Amino acid sequence: MPRRAAAPVEMYRGWLDHSRSVTQRWARGTFEAQRILATAARRARQDAWEAASGNSGPAGSAYLTRLGDLYRSQAFLWAAAGFTAGERLGRAAPGAAPEWLPRAAVIGTVTADLYLGYATLRERSRWAPGLVEELDRGLQHRRGAGRVLDAAAALGGALIKAAQFASTRPDLLPTDYTSTLSALQDRVPPQPWSVMEPAIARELGRPIDEVFDRVDPEPVAAASIAQVHRARLANGREVAVKVQYPHVADTIEADLSALERTFAALAAVEPSVRLQPIADYLRWTLPLELDFRREAEALAELRSALEDWRDVVVPGVVEGLTTGRLIVMDYVEGIKVTDRDAMLAAGIEPRKVARLLNDVYADQMFVRRVLHADPHPGNILVQPGPKLALLDHGLTTGLEPDFVGSLARLVRALRGGDLEEITASLRGSGLPVDEDTDLDTLLGVVGVLLGAEGTSDDESDNGTSGEALDLADFGRRLGASVGDVPPKLLLVGRAIGLLDGITRQLDPELDSLEVVGRYTGEPETP
C-alpha cells in the first residue's frame, strides 16, 4: 500500500513544482513588462521636454511641424513598448506564439519610426527648407538613438550585440547614436532554472545529478547568448557551467535578418548612415560565440600560450563535458577590473594592475599571436598579487603573422610619428588606404581602431572617451574615405579600445604605447 500511495504524492509534488515555476515566470515577466512601460514613459517625457526646450520663439510653423514630429514618434514609441512588453510576457508562456514574431514586431515598429522620421525631414527640407533646422536633425538623431537603445536592452540577442558594436563606429553613425549606445551592457534578465535545467540535461545526455554534486539555480551571470551557473562536480571541483538559452541560435538568425532589412530601408532615406558593416561584423563574430566547442579549443590554446605567466589565470575546461551549446570550466573568483575601491580595500594597487593588463595583452597580440578579444570589464577579474583572470572566450582567436606584423609596424610608426609608415601598416592590415588619404582621415582611422571606444562599464565616469567624441565630428567623412574595415581588424581594434578605457580608469598617466612598444621589436628608450 505505501508504494501505491507514493505515486500520487510524487505527482502532486511535480504539479506543485510546475505551478511554482509558472507563477515565478509570470511574476518575472510582469515585472519586466512594467519596467519596459516605465522606461517608455520616461523616454516620452524626455522627448517632449527636448522638443519644447528648443522652441524659444513664438509658436510658428516650425514649432507646429516639430510638435507633429514628436506626436508621430511617440505613437511609435508606445507601439514598440507594447510589443516589447508582450514579448517579455510571452517568455512566461513558451509556445504561445513563435518567438520571432513579437521580436519582429518590435524591430519593424522601431524601423518604421526611424524611417518615417528621416524621410519626413528629407522631404520637408526639399519642399520647405525653412521648416528644417539643425535642431530638428538633432532631435531625430537623439530620438532614434533612444529607440534603438531601449529595444536592444529589452530584447537582447543580436540586437544588443549590434548596438554595442555600433557605439564604437563613429564612421558609421552620428554622434548622438554612438554616445547613447556606448552605455549599453550585454546583460539580460536570466532565464529561470525550470528552463535552463532541462537545457543542461539535454546537452549532457543524462540527469544533472549524475555529473554534478550541486548546481546553483541562480546564475552568476546572464548575457545575450548564454548564462553561467556555479556548480560542484561529484569529485568536489568547483566549476562554472555556461549554457546557451534554448533556441538562441534561431533567435539570433531571425534578428540578423530583420536587422539587414532594417539597415537597407534606412540607407534608402539616410545614405550618410552606413549600417550594413554592422551586420557584416555580426555575421562573422556571432557564429564564433555560438560554437562552444570552438570556444573550449580557443580557451585551451590561450591557456597553453600563457602558461608561463604566473600572474595570469585562464580557466581550465573540464574534459568530456563540452558540447556545441555547453561548456564547463573552472570557477574563478576575483574583483572586477574597474572596481578601484574593492582593489584598494584588498591591498591591490590599481596602477600595477594597469601595467600588468597592458603587458599581458601586448604579449598575447605581438608575441603569442592569440588574443582574448572581448576584454570588457566583466570578463577580467583581479586577484591578489596582482593576478588577472581572463573569462569568456567566445571571441578568443588566433592572429596571422602578417596581420600581427602590420599592427607592430603601426605601433612603431605611431611612436615615431611616421605618417608614410602609418599608411603602409594600415594597408597591410587590410584597410583600403593609400598615399592620397589625408592626415585627418588617417588619424581618425587610428582613433577608431586604437582606443576610440573607451569602456561602456556602468561604473565608469568617463563614458565615451573625449577622443571618441572628437572622432565622431568627422566620422562619416572618414567612412566615406576608407570604406569598410575588415572584421578581424575591427575585432582587434575593439579589444584595444576596451583595454584603453580600462587603463584610463586605473592609471590615466600610463603610456600604453610605450608598454606595447617593448613587444613589437622596438628598442627600449633609456
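1. Start at one residue pair. Val312 stands opposite Leu388 of strand S10. This is a predicted model, so read each pairing below as a prediction.

2. Strand S5 covers residues 312–313, and S10 covers residues 387–390. The two strands run parallel and are joined by 2 bridges.

3. How many residues separate S9 and S10 in their hairpin? There are 3 between them. Gly385 sits in that turn, and its phi is positive, about 145°.

4. S9 also pairs with S7. These two strands run antiparallel, with 2 bridges between them. Here Lys336 stands opposite Leu381 in S9.

5. Now the whole sheet. It is open, with 4 strands in the order S5-S10-S9-S7. The edges are S5 and S7 (335–336), each of which pairs on one side only.

6. A helix covers part of this sheet. H12, residues 350–368, packs on the sheet and touches S5, S9 and S10. The direction of H12 makes about 50° with that of S10.

7. Elsewhere, two helices pack together. H5 spans residues 157–166 and H9 spans residues 276–290. Their axes are 10 Å apart, at an angle of about 125°. That angle makes H5 oblique to H9. H5 passes H9 in a right-handed crossing.

8. Which residues of H5 and H9 make the contact? From H5 come Ala158, Lys161, Ala162, Phe165 and Ala166. From H9 come Pro277, Ile278, Tyr281, Leu282, Leu286 and Glu289. By class, the contact has 9 nonpolar residues, 2 charged residues and no polar ones.

9. A word on confidence. The mean pLDDT of the chain is 81. Of its residues, 79% reach 70 or more. Over residues 451–482, however, the pLDDT is below 50. In the model, that stretch still has 77 contacts beyond near neighbours in sequence.

Definitions and conventions: Residues numbered from 1 in each chain as written. Predicted model: local features only at pLDDT ≥ 70, side-chain atom pairs only at ≥ 80, totals over all residues. Heavy atoms only, no water. pLDDT = per-residue confidence, 0-100. Contact = heavy atoms within 4.5 Å. Pairing = 2+ DSSP bridges. Axes fitted to C-alpha atoms, helices over the stretch in contact; angles between N-to-C directions. Parallel < 35°, antiparallel > 145°, perpendicular 65-115°, else oblique. Left-handed = near helix turned anticlockwise from the far one by under 90°. Nonpolar A, V, L, I, M, F, W, Y, C, P; charged D, E, K, R; others polar.
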